[in-house]
Amino acid sequence: MPAKKISLIKHDPQLLEMIKKTDHKTLAIWAIDCFNRGLFMFNKDYPENEIIDKAISILKLWINDSISMWEARKYCWTVLKAARDIEIKDKVACQILRACSHTLATCHVQKHSEGSGMYINSAIYYFYINKEDVSKIIEEEKKWQSERLYALNQIIEKE
């Protein structure tokens with residue numbers, strides 16, 4: 001089924017407003033949650049790849065105050081290089097690696113958290129293109145991403 005034209009880069013104003021109001025570490029957790037929803041697309045062809053596991057482990061160390069932002073951020077370049085190296089041969093894996101890079105970069109700049117979800121949506125597009133109603137799948141994913149951030153904020157407010 002051919003995909004209808006959709007924007008993968010259009011920023012959702014409500015989501016951006018929520019991101020502005022969310023604390024830094026909650027955004028890092030949300031970025032990991034968004035990222036993990038698309039990880040299966042990468043693991044399908046690269047089950048032994050350790051780059052992603054290391055990046056997420058590093059971000060979790062930062063979340064738990066075990067390493068500094070500067071230490072955590074250094075590994076972003078390794079992930080981004082891996083994305084560039086694979087881009088021509090595997091667009092889905094490239095987008096997953098870019099999502100991973102943005103997920104980790106959330107330790108540096110909060111707004112990178114949005115990049116995690118956006119690149120997962122892009123990976124979904126390339127993964128499902130001409131197989132299923134990709135625009136419906138992406139809209140459902142965007143909805144989940146917004147609802148998850150809202151839920152995390154509700155949890156933080158109750159604490």
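At 0% relative accessibility, Cys 34 counts as buried, a label given to residues under 20% relative accessible area with a 1.4 Å probe and protein chains only. The model is predicted, so local features need pLDDT of at least 70 and side-chain atom pairs count only at pLDDT 80 or more, while totals for chains, interfaces and linings use all residues. Residues are numbered from 1 along each chain as its sequence is written, and side-chain values use heavy atoms, with hydrogens and water left out.

What is the count of disulfides? With a disulfide taken as a pair of cysteine sulfur atoms within 2.5 Å, the count is zero. The closest cysteine sulfur to that of Cys 34 belongs to Cys 100, and at 13 Å it is too far for a bond. For Cys 76, the closest cysteine sulfur is in Cys 107, 5.6 Å away, which is also too far for a bond. Cys 76 is buried, at 6% relative accessibility.

Two or more lining residues come from each of α5 (76–86), α6 (91–105) and α7 (112–128), helices being DSSP runs of H or I with at least four residues, numbered from the N terminus. The most, four residues, come from α6.

Definitions and conventions. Buried means under 20% relative accessible area, exposed over 50%, partly exposed in between (1.4 Å probe, protein chains only).
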